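Subject: Structure handover

Hello,

Here is the structure I said I would pass on. Please open it alongside this message.

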Amino acid sequence: MPCHPNIHVSLQVQENTRLFEVCQVCFCHLFSEIGVAMEQICRYFAKLSSQVLEEAPLSKAHARLRLSMSVSLARAAAVGIGWLALSTGLAQPLPAAIEFAEAPTVAVGTAPEAVVKGDFDGDGDLDLAVANNGSDNVSILSNNGRGRFSRSATVPAGDGPSGIEAADLNGDGRVELAVTNADSGTVSVLVNNGSGGFSPGATVAVGEYARGITSGDLDGDGDLDLAVTNQFSSNVSILLNSDGTLAPAVNVSTGPYTNPSDVVAGDFDGDGDLDLAAIDSPSYDTSAVLLSNNGDGSFAAGVTIASFYFYNQAETLVAGDFDGDSDLDLAVNLGGGYAPPYIALLRNDGSGVFSQSPKTAQVSSGGSAIESGDFDGDGDLDLFASGRFSNTVSVIRNNGTDFASEVRFVAGESVQGLAVGDFDADGDLDVAAANYDSNNLAVLFNSRNQLVAPKVVKLQGYSSSAALGDIDGDGDLDLVTASSRDFDQGIGIFRNRGNSLFTPSKAPIFNTDPNDVALADFNGDGSLDLIVADSSSLFIFVNDGSGLFTAPPLSSDVGGEAIATADVDGDGDIDIATASGSTVQLLSNLGGSLAPPVSLTTGGSPDDLVFGDVDGDGDADLVTRDQSSGTVSVLKNAGGAFAAPLVFRVGDNPQDFSLGDIDGDGDLDIGVSRRYDDVVALLRNDGTGSFGAPTNLPVGDNPSGLLLADFDNDGDLDLATFENVGISVRENLGGGSFSSAATTAVTADGPLSPELLAGDLDGDGDLDVAAAADLLFAGVDTITILRNTLVPSLP
C-alpha cells in the first residue's frame, strides 16, 4: 500500500539512563508490505507504549498525527493503558487478550493420540487435526496466523481413532483427513468442504487394531493412496485410490508374530517408486521391516532390516536423509520397554540395505511419536520425540553425521502425538504436542533454535509452599520455597536474574519439614524477612539487606500449616498468624520480637488463612478456609481484637481460596476452588464483611490452586485456577462475571498442591504465573514459570 503522507511517529525508548530517539519515523513505511488495515497497525504498535505522552489532534484537512511514546526496555508497557487517536481524532482504549508465551494450549477431545498439520481452510497457514482415541472423534483446530489455535469443529470418526493423515485424496485441491480406528479396524475418510469444515466420507475396513497410517502415490497413477498398519493382524493394508475412491484393502504381511504399529512411505531402494517401512512393536524384541514396491502398488512381504535390544520397544519411526548422502534413512524412537530409551538411526546404503549406527541418542521414556525437520536451520534434519512418561518433547539435533543428546522441553501431561511446522509463520519450525492425559494440545514455538516451553525451577524435594518477593532489593521478584523429601527438608532461595530466569542462592539451614513460607518486613528495616512454619514452631530469618539470611532466626513454639502476615494492631509493624490445629495463633510484633501467642477460634480446623479488610473499616480482618467442614470463616478485627467467627458454607472439599474485589463494588469478595466438583465458589461481600450463598462457576477438571489477579491490565480481577490441563485463566468480563473460555498453558505436571502465585517475573508490566508441580523425569517437585504476554484484541 502507498505510504500515507500524514501519519508519522516519534518514538522515544529509554533503557535505564540511556536515551535513544527515533524521530519522524514514517509509520506507514514500516508496514508498507503488510496487508493490514492502518487502524489495526496503529493499535498493535500502541502495545509498546506505557502511556501516550503527547497526542496532536487531527484537523479535518491535512492533519499530522504525532505520537511520542516512552518505552522502558526493562519494563515494557502494559497493554490497555495506552490510548491512541485514530483518524476520527477520538481516543480509544486498547483492549488486551491474555496469552502465555510458553506452551499455550487448546482443549480437544478425550485421550488425543495423534495430530496432523495442513492448511484446511485455505488461508495460507497451517491448521491442526487431532485424533481423539477416547471420544471417537477428530478436533479441527484453526490457526489465527500467529500459531494460536482455536477449536473450529469436531467431526465424528470410528471406534478408537489412533492415527491420522492429511492428504488430498479426491484431487480437488483441498486436504482430506484419513483416520485409523484401532478398535473397529477401519479407516474413516473426512471430506474437506473448502472452508476448514469436514464431513464424514467413506469408511474402509482394514485389519485388526489399525494404528499407523501414511499416504503417497503408491501405484504411480498420480493420486494419493494410503497404507495402514494393523497391529494385531501382522500386516499392512494397501488402499489404492482411483479418482477419489479407495479400493478394498490389500493386506501385505509384515512377518509372523509381528505387531506393526507405524508405517512410512519412501523410495528406499532408489527404483523410482514408493516403498514402505514399518516398525514392529511387540512387548519385546522390536524390529524394523521393509516392504518393497513391485512398481504397481503391490508389495512384497516384509523383510526385517533391523532388530533391537530384547527389552526395547518402539511405536514409531520416521524417514529422512539424516546423513546427507541423498537417500532415505530411518530413525526409530525406542522409548518404550524396560531398557534405557534411545533413538536408533538406520543408515541406507541407497539400495534399501540398512545398517544401524553405533552411536545412539538417549531420549525420554515412553516415546510414542517421532518427527523430523530442520529445527536449527543448518540444512540437515533434526528429530523431535515425545516422552509420554516424562511429559516432554525432546529435540535431538543432527550434527551432520550423528545425533546429539536430547534437549527436553515441558509440553503437557502424557505427550503422545506430534506435528512439526511453522505455525506462527516466522520461518522456523514449531512443535504441536497432543497431551493424552490432559485432553489438550500444546504449541511450543521456536525462538532462536530453542522451544519456548515453561521454565522449571527444580526444588530439593516435595513442594509445600512458595512465595514471591524482592529479597535482594534489585527491583525484581525472587522466589522462596519450602520443600521436603526424606532427609532433604529445606528452604530454597532462587534469585531472579530479571528475565524470569531463577538462580539458586544460599538459603538458611532448616532441618525439619516446613509447611509454609512467607516474606514480610518483620523488623521494619525495608527488606523482606523470611518466615517459616513447621508443625510445631515458627522461625523468622532476618534479611541482611542483600538477600542473605545468615543470622540465627527468631523463633516461637507455635507452628502451623499456614502463615499470614499483616499489621493487625495498627502499630506500623507486621504481625503473624498461623493456622494451627483447630485454632489460629496470633503473634503480635513487639518492634522486632514476638509476643506470646493469642489463640483464636475459627469455627473449624483451618487449613489456610489470609488477612484482608473485608468490612471496609481500615484494619486487617482474618479469613480462614476449612477443608474438612467445607467452610470459610470471617473474623472481624476491631482495633487488634477479633470478634467471634462468621462461618459461611462453600461446599465440599474447598482446596484453595483468594480474596479480591470480584465485582468492582469496592469490597473484598472470596473465591474458593472445589476440586472434586470442578467449580469455583464465589462469595460476594455485601460491604459489611458478610457473605450470601455462594454461586458456583464451572471450571476445568480438578481445580486446586486459585488466584484472583488482573492478568489483562484492565482494572478488574481475573480468575486463575490450577487444573488437570495446567493453568487456566478466565477473564473478568465486568461485574464479576467470567468468560467461559479460558486461556490455558501447560505445567511440568498436574497440580500437586494449591500453590499458585502471580507477579511480574519478567519485568514487562503484566502478571506472570508460578505454580508448584511435579517433574517426572527429574523425580522432584518444581515451580513452573509461565510468562504472560498480552496482545491487543484487534477487531
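The model is predicted: local features need pLDDT of at least 70, side-chain atom pairs count only at pLDDT 80 or more, and totals for chains, interfaces and linings use all residues. Residues are numbered from 1 along each chain as its sequence is written, and side-chain values use heavy atoms, with hydrogens and water left out.

The sheet

Four strands form an open sheet in the order β51-β52-β53-β54, with antiparallel pairing. Strands here are DSSP runs (E, at least two residues), numbered from the N terminus, and two of them pair if DSSP finds at least two bridges between them. β51 (562-566) and β54 (598-601) are the edge strands; each has a single partner, so one side of each lacks a neighbour in the sheet. On average, neighbouring strands of this sheet are turned by 25 degrees against each other, direction ignored; the axes are lines fitted to C-alpha atoms. β51 pairs with β52 (residues 575-580) over 5 bridges in the antiparallel sense, and Ile-563 has Thr-578 in β52 as its bridge partner.

The covered strand

β57 has antiparallel partners in β56 (residues 621-626), through 5 bridges, and in β60 (residues 646-649), through 4 bridges. Arg-625 stands opposite Val-632, and Val-634 has Leu-646 in β60 as its bridge partner. The hairpin of β56 and β57 has 4 residues between the strands, and Gly-630 takes a positive phi near 65 degrees there.

Salt bridges

A salt bridge is counted when a side-chain nitrogen of Lys or Arg lies within 4 Å of a carboxyl oxygen of Asp or Glu. The count comes to 16. One of them joins Asp-472 and Arg-495 at 3.3 Å, N to O. That pair links distant parts of the chain, 23 residues apart: Asp-472 is in the loop between β43 (462-469) and β44 (478-484), and Arg-495 is in β45 (residues 490-496). Asp-472 is buried at 18% relative accessibility.

Glu-723 and Arg-730 also meet in a salt bridge, at 3.0 Å. Glu-723 is buried at 2% relative accessibility, and Arg-730 is buried at 6%. Finally, Glu-99, Arg-146 and Arg-148 are linked in a network of salt bridges.

Regards

Notes. Axes are lines fitted to C-alpha atoms, for helices over the stretch in contact, and angles run from 0 to 180 degrees between N-to-C directions. Buried means under 20% relative accessible area, exposed over 50%, partly exposed in between (1.4 Å probe, protein chains only).
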